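Subject: Structure handover

Hello,

The structure is passed on to you below. My notes on it follow.

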Amino acid sequence: MIQPGRKSLNRIAVVGRGTAGALAASSVSHQLSGDDYELHQIYDSRIPVIGVGEGSWPSLVQELHQLTGLPHEEIQQSIRGTRKYGVAFEGWGQIKQNFIHYFTPQQVSYAYHLSADLLGDLLQNSTTAKHIDAKVVNIQRLADGAEVEFENHPSEHYDLVFDARGFPREIEDQQHIDISFIPTNTAIIRRCPAILEATDGPNLQHTYTRAVARPYGWVFVIPLTSHTSYGYIFNRDISSQEKVESDFDELLDLENVQSFEQRAVLSFPNFVHRQIFDGAIARIGNAAAFMEPLEATAIVSAQLQIGMVLHIRLNRSKEHLERDAPVVNRFLINTVLRYGLFVGWHYSCGSDYDSDFWRFARESVWAKRSMAAHPDRVDCDALARFDEMLALLKSPVIDKKDWDKMCAVPLTSYAQISQGLGW
């Protein structure tokens, strides 16, 4: 296979060893076979990887098989995974009825629930790289690539750098788009006992990520074979951590969970970086964008970012980069913003709780989406495409030519959420 851009990729770096960094390093190793290039995996071992339970989309099932060459069953067992067939919403919307957002084809297509630290270990086994354990102080774009500057280590020059260092320290309007139409910013993560029975082989039970509405936000429940991951997602500016912890305790009591391990209290921004890809530096994962985990958009976004960057760098000559990079960058921003609008829309019909949080989410935050996602602010048409999908749902009959339309997710997903919320 002829790859016009291959000769311009001799030195590549992946900075960070979380989920996005592990996926990037493994993808480079998979697509650039041979020994005529260098891959450096850079991380600071003093920064721990938090092994929370995570959900994914069906695209990850096939990608992990391709990257590792392992059977699906072996992959699932190695990440202590279960088969996720969708998201089960409890207490959301205005019709007071629980519902499931299924992957399609329904009850056929599945993703993984997985342990993030074990996913990194799995991908490490299929990655060939030189490891540099050092603190990165800066990554700078140069005319002929990018330079990574270290603390107590000489700088290194690369043709392409994947920056997977996680959230920015501050959200600045010139560099980031604030996804202010999502009302949450903090997560309390607890690890609880497993709820699934142990099996000799991979667990084939149909499982779902539960999204349980609560007075101060909502709680995800992710069943793994080794434990169950619970996370209370809320807004620290609306609700005190003390009240949220108390309500978390109440929920676990209701579910007869006898013990738990407090894993982390994480503050997070909902944002998109305005420069995800500039031709030589590709921000991926939480360095590129983040939004709360309601629809498990984090891993699938990283897959898209890594895949598009490698595709364009391998299959287009370097002289086209100046024109190609802005196009790729705008597409990635547009897609993440469409995910954000889809997630924010889940709050538009409230929940079983008439609380300060849910009134804030419905009346203050979602109501301002048109200003927050205005094309003059975000330089893309995400809002217009999202509004088109909602307009389709109001049609008495949806024409067959529109059945395959997407706005980050397919029309079938919009229809399921619309019906479930009572929108």
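Q107 counts as partly exposed because its relative accessibility is 32%, where buried means under 20% relative accessible area, exposed over 50% and partly exposed in between (1.4 Å probe, protein chains only). Its phi is near 65 degrees, a positive value in a residue other than glycine. Q107 is found in the loop between β5 and β6; strands here are DSSP runs of E with at least two residues, helices are runs of H or I with at least four, and both are numbered from the N terminus.

This is a predicted model, in which local features need pLDDT of at least 70, side-chain atom pairs count only at pLDDT 80 or more, and totals for chains, interfaces and linings use all residues. Residues are numbered from 1 along each chain as its sequence is written, and side-chain values use heavy atoms, with hydrogens and water left out.

The loop between β5 (99-102) and β6 (111-115) also holds P105. Most residues other than glycine have a negative phi, and most peptide bonds are trans.

A408 has a positive phi too, near 75 degrees. This residue sits in the loop between β21 (406-407) and β22 (409-410), and counts as buried because its relative accessibility is 15%.

Next, a sheet. β12-β18-β20 is the order of an open sheet of three strands with antiparallel pairing (two strands pair if DSSP finds at least two bridges between them). β12 (176-178) and β20 (289-290) are at the edges with a single partner strand each, so one side of each has no neighbour in the sheet. Helix α7 (residues 321-345) packs on the sheet and touches β12, β18 and β20, contact being heavy atoms within 4.5 Å. The direction of α7 makes about 175 degrees with that of β18; axes are lines fitted to C-alpha atoms, for helices over the stretch in contact, and angles run from 0 to 180 degrees between N-to-C directions. Two bridges join β18 (residues 271-273) to β20, and F271 has F290 as its bridge partner in β20.

Last, α6 (297-315) and β20 each supply at least two residues to the lining of the largest cavity, with α6 giving the most, four residues. A cavity is a set of points on a 1 Å grid over the protein atoms alone where a 1.4 Å probe fits but cannot get out, and lining residues have an atom within 4 Å of a point. Among the lining residues are F290, M291, S301 and V336.

Regards

Note on methods:
1 Å grid on protein atoms, 1.4 Å probe; cavity = no way out; pocket = protein on both sides within 12 Å on 5 of 7 lines; lining within 4 Å.
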